[in-house]
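Please look over the sequence and the model below before reading on.

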Amino acid sequence: MAIPTQDAMQSQAYCPSCKALIPQVDVALMPANRYIGTVPGCWWLFGTVQARHMADPALRSLRTLTTNVYMVQHPGVPERQAVQSVAVHLMGIYWEIIQHRPERQVLALMQLAAQREYRWLDPPPTLGPLTIADLASICELAPDHPAQSELPAAEHQALAWRWAETTWQAWEQYHATVADWARNIQA
Ligand SMILES: [Zn+2]
């Protein structure tokens, strides 16, 4: 993954979707995902967090949850892929933090869920107080916190769960819809 240059990291901006404070990353080096509503600097933070989690066996099981939460904080615009993405990732969060299913079950259910069609959920005006920048700030690769690599796994887990819970709460107006969709998949 391309690391932002020193110059780029000194000039920061906010992600237009999740409102995280993000480093400016050269678009040519770090193209954002082509349909979710993210920008290169925010996507770079997400990669940083994923790399930290994957490097630690105690944190690998957070991968699905952090992906789901990141995606619903970057819902994009109402076109088919984004419609499906928001629906399936919200269900993923529901299965994990409300139903407390293990990650492998959540993944299997999400695969089933992706085969159905959903309607666009117009995103709430704010998507929660925590962002990927909060997770990145306690990761060793975070540009502003290079020395904080020795935090125990429990702190990473607790923060990831708080991020998931607060983001899920931000989508409160759709909880019943998402739970209905999820029940249909399980049936
Ligand atoms: Zn963002």
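**A guided reading of the model**

Thr166, when residues up to four places away in sequence are not counted, touches Gly128, Pro129 and Leu130, where two residues are in contact if their C-beta atoms, placed from the backbone, lie within 7 Å. This is a predicted model, in which local features need pLDDT of at least 70, side-chain atom pairs count only at pLDDT 80 or more, and totals for chains, interfaces and linings use all residues. Residues are numbered from 1 along each chain as its sequence is written. Thr166 has its place in helix H7, and from Leu127 it is 39 residues away in sequence and 8.3 Å away in space, C-alpha to C-alpha. With 16 other C-beta atoms within 10 Å, Thr166 is partly exposed; a residue is buried if 20 or more other C-beta atoms lie within 10 Å of its own, exposed if 12 or fewer, and partly exposed in between, with C-beta atoms placed from the backbone.

The protein as a whole contains 8 helices and 2 strands, these being DSSP runs numbered from the N terminus, with helices (H or I) of at least four residues and strands (E) of at least two. Along the sequence they follow the pattern α-β-β-α-α-α-α-α-α-α. Of the 187 residues in the protein, 39% are buried, and among the contacts with a separation of 6 or more, 62% are between residues 24 or more positions apart.

Ala13 is found in strand S1 and, leaving out residues up to four places away in sequence, touches Ile22, Gln24 and Gly41. Ala13 and Gly41 are 28 residues apart in sequence, while their C-alpha atoms are 8.5 Å apart in space. Ala13 counts as partly exposed because it has 13 C-beta neighbours inside 10 Å. In the loop between strand S1 (12–14) and strand S2 (21–23) lies Lys19, a residue other than glycine whose phi is positive, near 70°. Most residues other than glycine have a negative phi. His100, in the loop between H4 and helix H5 (103–113), also has a positive phi, near 55°. Lys19 has 16 C-beta neighbours inside 10 Å and therefore counts as partly exposed, whereas His100 has 8 and therefore counts as exposed.

Which residues have the most contacts inside the largest nonpolar core? They are Ala20, Cys42, Leu45, Leu90, Met91 and Ile132, in a core of 46 residues; such a core is a set of buried Ala, Val, Leu, Ile, Met, Phe, Trp, Tyr and Cys residues joined through C-beta atoms within 7 Å. Two or more residues are given to this core by each of helix H2 (40–54), H3, H4, H5, helix H6 (132–137), helix H7 (153–170) and helix H8 (175–186), and H4 gives the most, with 8 residues. In soluble globular proteins, nonpolar side chains tend to be buried together. Ala20, apart from its neighbours within four places in sequence, is in contact with Tyr14, Cys15, Cys42, Leu45, Thr131, Ile132 and Ala133.

Helix H3 has described packing with two other helices, H4 and H7. Helix H3 (residues 63–72) and helix H4 (residues 80–98) pack at an angle of about 135°, with their axes 9 Å apart; axes are lines fitted to C-alpha atoms, for helices over the stretch in contact, and angles run from 0 to 180 degrees between N-to-C directions. H3 and H4 are therefore oblique to each other, since angles under 35 degrees count as roughly parallel, over 145 as roughly antiparallel, 65 to 115 as roughly perpendicular and the rest as oblique. The contact of H3 with H4 has 7 nonpolar, 5 polar and 1 charged residues, where Ala, Val, Leu, Ile, Met, Phe, Trp, Tyr, Cys and Pro count as nonpolar, Asp, Glu, Lys and Arg as charged, and the others, Gly among them, as polar.

The axes of H3 and H7 come within 10 Å and cross at roughly 35°. Here Leu65, Thr66, Val69 and Val72 in H3 meet Ala160, Trp163, Ala164 and Thr167 in H7, a contact with 6 nonpolar, 2 polar and no charged residues. Val72 of helix H3 counts as buried because it has 29 C-beta neighbours inside 10 Å. Beyond four places in sequence, Val72 is in contact with Val86, His89, Leu90, Ile93, Thr167 and Trp171.
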